[in-house]
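Q: Could we go through this protein together? I would like to begin with its disulfides.

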Amino acid sequence: MARQSVAWKRLAAAFAVVSLTASAAEAGCSVYQHRDYGGARWGLGSRDELQMGGGEPMGKTGDGRIYYQPSWNDQVSSLKVTPGCTLTLWQHAGTSGGGATFTANKNYKYVGSSWNDQASWAYCYCQ
């Protein structure tokens, strides 16, 4: 009986670690190529950046990972932001030009005509 109890406790502890890891992996932001979450998707974790334009990789501005993907320049049409996160888009690479912040409090099946196919830089931050 004692062996079964120890085994169940170990199994429960392992499950808790896996559950926490899965939740952390789901936190973040996703940008989509087309409206209604269509086309290609790019996922970002907390403090990750996506440089989509600007010619050459510029290096990170924060302490997360940076991805350089020039084929995504001016391609974002919809996005998802998990609770506790915000996604900031900039019109030009290097976090310059006009910017807009999107939170998890709204559904972004379409970013709107002012941001459709305009983003060249994205930054995801989760608390």
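A: In this predicted model, the link of Cys-29 and Cys-124 is right-handed, with 75 degrees about the S-S bond. The pair joins distant parts of the chain, since Cys-29 is in strand E1 and Cys-124 in strand E8, 95 residues apart.

Q: And how far apart are the sulfur atoms of Cys-29 and Cys-124?
A: The two sulfur atoms are 2.2 Å apart.

Q: Are Cys-29 and Cys-124 buried or exposed?
A: Both Cys-29 and Cys-124 are buried.

Q: How many disulfides are there?
A: The count comes to two disulfides. Cys-85 and Cys-126 form a disulfide as well, with their sulfur atoms 2.0 Å apart. This pair also links distant parts of the chain: Cys-85 lies in strand E6 and Cys-126 in strand E8, 41 residues apart.

Q: Why is the disulfide of Cys-85 and Cys-126 called right-handed?
A: The torsion about its S-S bond is about 105 degrees, so the disulfide of Cys-85 and Cys-126 is right-handed.

Q: Changing topic, which residues have the most contacts inside the largest nonpolar core?
A: They are Val-31, Leu-79, Leu-87, Leu-89 and Phe-102, in a core of 22 residues. Strands E1, E2, E5, E6, E7 and E8 each give two or more residues to this core.

Q: What does Leu-87 touch?
A: Among the residues that Leu-87 touches are Cys-29 and Cys-124, and also Val-31, Leu-79 and Phe-102.

Q: Last one: why does Gln-51 count as buried?
A: Gln-51 counts as buried because its relative accessibility is 1%, and buried means under 20%. Gln-51 is in strand E3, and a polar atom of its side chain lies 2.9 Å from the backbone oxygen of Gly-53.

Terms used. Residues numbered from 1 in each chain as written. Predicted model: local features only at pLDDT ≥ 70, side-chain atom pairs only at ≥ 80, totals over all residues. Heavy atoms only, no water. Core = buried A, V, L, I, M, F, W, Y, C linked by side-chain atoms within 4.5 Å. Buried < 20%, exposed > 50% of the residue type's maximum accessible area, 1.4 Å probe, protein only. Helix = DSSP H or I, 4+ residues; strand = E, 2+ residues; numbered from the N terminus. Contact = heavy atoms within 4.5 Å. Polar contact = N/O pair within 3.5 Å; in protein donor to acceptor, adjacent residues only side chain to side chain. Disulfide = S-S within 2.5 Å. Lists of a residue's contacts leave out its neighbours within four places in sequence.
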